Amino acid sequence: MAYDADEKTLTAGMQVVEKLGLLAKANPALSDDLRMHTVTALFGTIWTREGLELQERSLITLASLISLNREHELRLHFRGARNLGISKAKIEEVILHLAHYSGWPTAVTANTVLTEVWDEMDAES
């Protein structure tokens, strides 16, 4: 069964995914339907809503992933944040703030992953 995506929402979602640069490191194990649903429902509907800028949505996403200690997704979204022009210093400030709410282990993991991703992206440049 194939996921039925609205072309307008799919296009909008793909534009956001491309701005974030998520495709280069996306999980190839995702099923086609889950990938299509993610692009259309999450990026094509939620990330494109009025009310928040892409950078704000990116920081909110990072805060959630840091708090939930989702290392794999953090790697993708740290890349996305950098591709949107969010500085490493700003992300480090988010991590420091969250250490008091989600705990030191989540902050340490996030800071470690951030440094790895930033170094990897510097090497790619």
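In helix α1, the residues Thr9, Leu10, Ala12, Gly13, Val16, Val17 and Leu20 are buried, where buried means under 20% relative accessible area, exposed over 50% and partly exposed in between (1.4 Å probe, protein chains only). Seen down the axis of α1, these buried residues fall within an arc of 165°, so they line one face of the helix; the arc is that of the directions from the helix axis to the C-beta atoms. On the other side of α1, Glu7, Lys8, Glu18 and Lys19 are exposed. The structure is a predicted model, in which local features need pLDDT of at least 70 and side-chain atom pairs count only at pLDDT 80 or more, while totals for chains, interfaces and linings use all residues. Residues are numbered from 1 along each chain as its sequence is written, and side-chain values use heavy atoms, with hydrogens and water left out.

Helices (H or I, at least four residues) and strands (E, at least two) are DSSP runs, numbered from the N terminus. Helix α1 comprises the 14 residues 7-20, and its end C-alpha atoms are 20 Å apart, which agrees with the 20 Å that it should span at 1.5 Å a residue; the expected span is 1.5 Å times one less than the number of residues. Helix α5 (residues 88-102), with 15 residues, reaches 20 Å from its first C-alpha to its last, close to the expected 21 Å. Within α5, Ile91, Val94, Ile95, Leu98 and Ala99 are buried, and they cover an arc of only 150° around the axis, which puts them on the same side of α5. The face of α5 turned away from this buried side carries the exposed residues Ala89, His97 and His100. An α-helix has 3.6 residues a turn, so residues three or four places apart point the same way.

The largest pocket has a volume of about 370 Å³, and of the 16 residues that line it, the closest to its centre are Leu22, Leu30, Thr38, Phe43 and Leu76. On a 1 Å grid over the protein atoms alone, a pocket is an open set of points where a 1.4 Å probe fits, with protein on both sides within 12 Å along at least five of seven lines, and lining residues have an atom within 4 Å of a point. The elements that give two or more residues to this lining are α2 (32-46) and α4 (71-83), and the largest share, 6 residues, comes from α2.

Phe43 also takes part in an aromatic pair with Trp47: the ring centres are 5.4 Å apart and the planes lie at 45°, so the pair is tilted. Rings of Phe, Tyr and Trp (its six-membered ring) pair if their centres lie within 6.5 Å, and planes under 30 degrees apart count as stacked, over 60 as edge-to-face and the rest as tilted. Phe43 is buried, with a relative accessible area of 5%, and Trp47 is likewise buried, at 6%.

Asn69, found in the loop between α3 (54-68) and α4, has a phi near 60°, a positive value in a residue other than glycine. Asn69 is partly exposed, with a relative accessible area of 36%. Ala123, which lies in helix α6 (residues 104-124), counts as exposed at 65% relative accessibility.

Methods
Grid points are joined across faces, edges and corners, and a volume is the space filled by probe spheres set on the points.
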